[in-house]
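The sequence and structure come first.

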Amino acid sequence: LSNIQIYKSQQEKEEEDDLRIKEIYEFQLIDLTATRIMKGRIGKDTKHEELVTEIVRQIEIFVPKVDQINCRIEFLIESKILKRKDGYPDMYEYIS
C-alpha cells in the first residue's frame, strides 16, 4: 500500500469515528431532554406527539430526527425510566 492509500484509510477511519461520536452525543442529548421533560411532568401522562414536539423544541444544537427520538424513547422504556400508560400505547409516564 502506498502512503496515500494508508493516509486515506486512516482519514476514513477518523471520519467514521467522528460520526459515531456525534451519534452517541445526539442520543445522549435526546435521552437527557426526554427524561428532563418527563421528570417535570411526574404524575402526568404525556402523549407521544407532545413529547416528540417538546424534545425537538428544546434541543437547539441540532434538529433531531423523529426516528432518532422514537428509538431513544424505546431505549428509555427498556431502561425503566419511562413506561407506556396501561391501555394507551401512545402515552408515557415517568417512573424512575
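## Nonpolar core

The largest nonpolar core has 18 residues, of which Leu51, Ile55, Ile73 and Leu82 touch the most other members. A nonpolar core here is a set of buried Ala, Val, Leu, Ile, Met, Phe, Trp, Tyr and Cys residues joined through side-chain atoms within 4.5 Å; buried means under 20% relative accessible area, exposed over 50% and partly exposed in between, with a 1.4 Å probe and protein chains only. Two or more residues each come from α1 (3–39), α2, α3 and β3 (88–94), and α1 gives the most, with five. Helices (H or I, at least four residues) and strands (E, at least two) are DSSP runs numbered from the N terminus.

The model is predicted: local features need pLDDT of at least 70, side-chain atom pairs count only at pLDDT 80 or more, and totals for chains, interfaces and linings use all residues. Residues are numbered from 1 along each chain as its sequence is written, and side-chain values use heavy atoms, with hydrogens and water left out.

## Packing of α1 and α2

The axes of α1 and α2 cross at roughly 120 degrees and come within 10 Å. Axes are lines fitted to C-alpha atoms, for helices over the stretch in contact, with angles from 0 to 180 degrees between N-to-C directions. The two helices, α1 and α2, are therefore oblique to each other, since angles under 35 degrees count as roughly parallel, over 145 as roughly antiparallel, 65 to 115 as roughly perpendicular and the rest as oblique.

From α1, the contact (heavy atoms within 4.5 Å) uses Ile30, Thr33, Ala34, Arg36, Ile37 and Met38; from α2 it uses Leu51, Glu54, Ile55 and Gln58.

## Packing of α2 and α3

Helix α2 (residues 48–58) packs against helix α3 (residues 66–78) at about 115 degrees, with the axes 11 Å apart. His48, Leu51, Val52, Ile55 and Val56 of α2 meet Val66, Ile69, Asn70 and Ile73 of α3.

## Glu93

Is Glu93 buried, exposed or partly exposed? Glu93 is found in strand β3 and counts as partly exposed because its relative accessibility is 23%. Leaving aside neighbours within four places in sequence, Glu93 is in contact with Met38, Asp45, Ile81, Leu82, Lys83, Arg84 and Lys85. The C-alpha atoms of Glu93 and Glu54 are separated by 15 Å, and the two residues lie 39 apart along the chain.
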